[in-house]
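Work through the following exercises with the sequence and the model in view. Each task is followed by a solution in steps.

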Amino acid sequence: MELINWQDFEKIEMRTGTIVEANDFPKARNPAYQLLIDFGPEIGTKRSSAQITRLYQKEELIGKQIIAVVNFPPKQIANFISECLVLGVLGDDKEVTLLQPGKSVRNGQRIA
């Protein structure tokens, strides 16, 4: 594991957001959803491809608050541009459990 310094950590913009749309992503190499996430008025909405189909149905994702890195450059995944990285815990079988605030918070708040 490579150690980072405080300045490295401060560069990472992890923010809270609410999933407002979740769609199947049939062209993804691994099963995934296409998400639209509201990060509040300062950041707006961003799209993300998330490999979370093993533990979540797309209908239950709507309204769920998540944590994501919002300052990565856009990344093309098949025919989709992903604008942020939704964070989760990678399980033993590579299933992803979403990281979420313990209580409801304002969209766009920074993780520290």
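**Exercise 1. The chain as a whole**

Of the 112 residues of the chain, 37% count as buried, where buried means under 20% relative accessible area, exposed over 50%, and partly exposed in between (1.4 Å probe, protein chains only). This is a predicted model, in which local features need pLDDT of at least 70, side-chain atom pairs count only at pLDDT 80 or more, and totals for chains, interfaces and linings use all residues. Residues are numbered from 1 along each chain as its sequence is written, and side-chain values use heavy atoms, with hydrogens and water left out.

Task: Compare the radius of gyration of the chain with that of a compact globule of 112 residues.

Solution. 
1. The radius is taken over C-alpha atoms, and the globule rule is 2.2 Å times the number of residues to the power 0.38.
2. For 112 residues the rule gives a value near 13 Å; the chain has 14 Å, which agrees.
3. The C-alpha trace spans about 40 × 35 × 25 Å along its principal axes.
4. Among contacts (heavy atoms within 4.5 Å) with a separation of 6 or more, 59% join residues 24 or more positions apart.

**Exercise 2. An aromatic pair**

Task: Classify the aromatic pair formed by Trp6 and Phe9, and explain how the two residues are placed along helix α1.

Solution. 
1. Rings of Phe, Tyr and Trp (its six-membered ring) pair if their centres lie within 6.5 Å; planes under 30 degrees apart count as stacked, over 60 as edge-to-face and the rest as tilted.
2. The whole structure holds 2 aromatic pairs. In one of them, Trp6 and Phe9 lie 5.3 Å centre to centre with 40° between the planes, a tilted pair.
3. Trp6 and Phe9 are separated by about one helical turn because they are 3 residues apart in α1 (residues 6–11).
4. Trp6 is exposed, at 55% relative accessible area, whereas Phe9 is partly exposed, at 25%.

Notes: Helices (H or I, at least four residues) and strands (E, at least two) are DSSP runs, numbered from the N terminus.
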